[in-house]
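Biologist: I'd like to learn how to read a fold like this one. Can we go through it together, feature by feature?

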Amino acid sequence: MIRKFLLFFTTLFFLLIIYSGCQQKSFYQRSEQASESYEPRWVKNVKVINYNTIGDSWQYYRSAPQKVIVAGENLLETFVALGIEDNILLPIGYNGYFFEPDACYAARYAKLPVQKGIHLTKEKVLEMQPDLIVGGQVLFANDALSSTDFWNERNIHTYCSSNANSPTDSKHQETVEGEFEFISGLGKIYGREAAARLLIDDMRLKLQTFQQAVHNMVGPRVLIVEDLGSIFVTYGRNKLAGDICGRLNGRVLGSGETIGLEDLLRLDPDVLFVVKSDGNPEQAAEWFRRLPVLRNCSCVKNNRVYGIALSYTYNSAVKTGEGISILASGMYPDLCKELNSRY
């Protein structure tokens with residue numbers, strides 16, 4: 001019965017993905033690029049001071065930004081997905097070799113002159129005179145660009161995800177809808193609302209398909225950690241990855257606190273996801289698998305320790321759908337094997 005149920009949703013999902021994926025580029029090229037007028041608009045975003053969200057920020061756009069600083073490979077790929085990459089003044093990458101754009105966008109993404117190892121300062125950015133800065137909230141730390149207000153007061157727009165909080169910030173609820181809102185708002189800024197809706201609908205359908213497949217199951221006990229050196233910070237239900245796992249019936253352990261190896265043993269998760277921000281996620285997971293002290297931990301004994309790049313858990317944007325697949329397949333490897341093979 002479960003197999004028939006899964007096959008039905010797999011077939012439906014596969015057909016819709018093929019249709020929307022093939023139609024997306026030509027659709028926005030026909031219906032949106034043809035329009036030469038720009039109607040001024042308000043776009044909601046977040047106000048950030050020193051890497052802390054302090055409220056909402058409504059910003060008024062009189063025209064589509066033409067000189068944009070974009071920080072983060074997944075955000076650069078989102079610009080490509082919306083067909084607005086020609087407006088990028090400075091494309092900045094973080095994860096380099098371990099980032100791979102979707103095949104649908106790879107050729108255009110490869111044309112971006114992505115810069116690595118750049119530390120933005122207020123002086124550097126002021127010299128470039130951008131009209132929009134897009135990135136994670138970490139850009140607006142005291143040792144970088146200070147605050148969004150600093151730029152908005154100088155008629156330079158800022159745009160970041162509500163999900164791009166510090167790993168140790170447990171005050172702000174991060175949700176998959178927050179990523180959808182980020183894509184929707186970026187589409188609104190550029191008059192690419194229809195293209196943004198197609199991206200969002202694809203990801204929403206993927207999440208709903210997985211939810212339908214597992215809704216009668218008791219989910220595994222899931223722990224999501226990021227290595228901060230001698231300690232690990234946990235990603236609870238208030239983080240994007242935890243929110244996704246919770247929606248898939250996962251019993252998410254941790255709530256943003258930092259833990260050590262003895263705490264990990266005590267929690268004894270069925271599944272462990274290891275978030276890696278600046279390197280190979282698989283190597284990060286392998287470190288946990290090989291630790292003798294964890295050999296009796298359920299996730300290690302059952303070979304259910306998985307690495308996941310920060311791109312899928314922090315300001316994931318166009319990578320949100322792939323992040324859902326990674327988390328779902330780690331939680332339900334047998335059930336999701338066939339479904340994921342079709343993406």
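This is a predicted model: local features need pLDDT of at least 70, side-chain atom pairs count only at pLDDT 80 or more; totals for chains, interfaces and linings use all residues.

Biologist: In what order do the five strands of the open sheet come?

Modeller: Read across the sheet, the order is 5-4-3-6-7, with parallel pairing. Strand 5 (115–116) and strand 7 (157–159) are at the edges, and each has a single partner strand, so one side of each lacks a neighbour in the sheet.

Biologist: And which strands does helix 2 touch?

Modeller: Helix 2, residues 73–82, packs on the sheet and touches strand 3 (68–71), strand 4, strand 5 and strand 6 (132–134). The direction of helix 2 makes about 140° with that of strand 4. Then there's helix 6 (residues 176–189), which lies across strand 6 and strand 7 and runs at about 150° to strand 7.

Biologist: How do I read two helices packed together? Say, at what angle do helix 2 and helix 6 pack?

Modeller: Look at the angle and the axis distance, then at the side chains. Helix 2 and helix 6 pack at about 50°, and their axes are 11 Å apart. The two are therefore oblique to each other, and helix 2 passes helix 6 in a right-handed crossing.

Biologist: Which residues meet there?

Modeller: From helix 2 you have L75, T78, F79 and L82, and they meet F182, I183, L186 and G187 of helix 6. Sorted by type, the residues of that contact are six nonpolar, two polar and no charged.

Biologist: Now helix 6 and helix 7: at roughly what angle do their axes cross?

Modeller: Roughly 165°, and the axes of helix 6 and helix 7 (residues 193–214) come within 7 Å. An angle over 145 degrees counts as roughly antiparallel, so helix 6 and helix 7 are roughly antiparallel to each other. The crossing of helix 6 past helix 7 is right-handed.

Biologist: What meets what in that pair?

Modeller: On the helix 6 side, V176, F180, I183, S184, G187 and K188; on the helix 7 side, E193, A196, L199, I200, M203, R204 and L207. That contact between helix 6 and helix 7 has eight nonpolar, two polar and three charged residues.

Biologist: Let me try another one. How far apart are the axes of helix 8 and helix 12?

Modeller: They're 10 Å apart, with helix 8 (residues 240–247) and helix 12 (residues 320–331) packing at about 55°. That makes helix 8 oblique to helix 12. The crossing of helix 8 and helix 12 is right-handed. A241, I244 and C245 from helix 8 meet I324, L327 and M331 from helix 12. The residues of this contact come out as six nonpolar, no polar and no charged.

Terms used:
Residues are numbered from 1 along each chain as its sequence is written. Side-chain values use heavy atoms; hydrogens and water are left out. Two strands pair if DSSP finds at least two bridges between them. Helices (H or I, at least four residues) and strands (E, at least two) are DSSP runs, numbered from the N terminus. Contact means heavy atoms within 4.5 Å. Axes are lines fitted to C-alpha atoms, for helices over the stretch in contact, and angles run from 0 to 180 degrees between N-to-C directions. Angles under 35 degrees count as roughly parallel, over 145 as roughly antiparallel, 65 to 115 as roughly perpendicular and the rest as oblique. A crossing is left-handed if the near helix is turned anticlockwise from the far one by less than a right angle, and right-handed if clockwise. Ala, Val, Leu, Ile, Met, Phe, Trp, Tyr, Cys and Pro count as nonpolar, Asp, Glu, Lys and Arg as charged, and the others, Gly among them, as polar.
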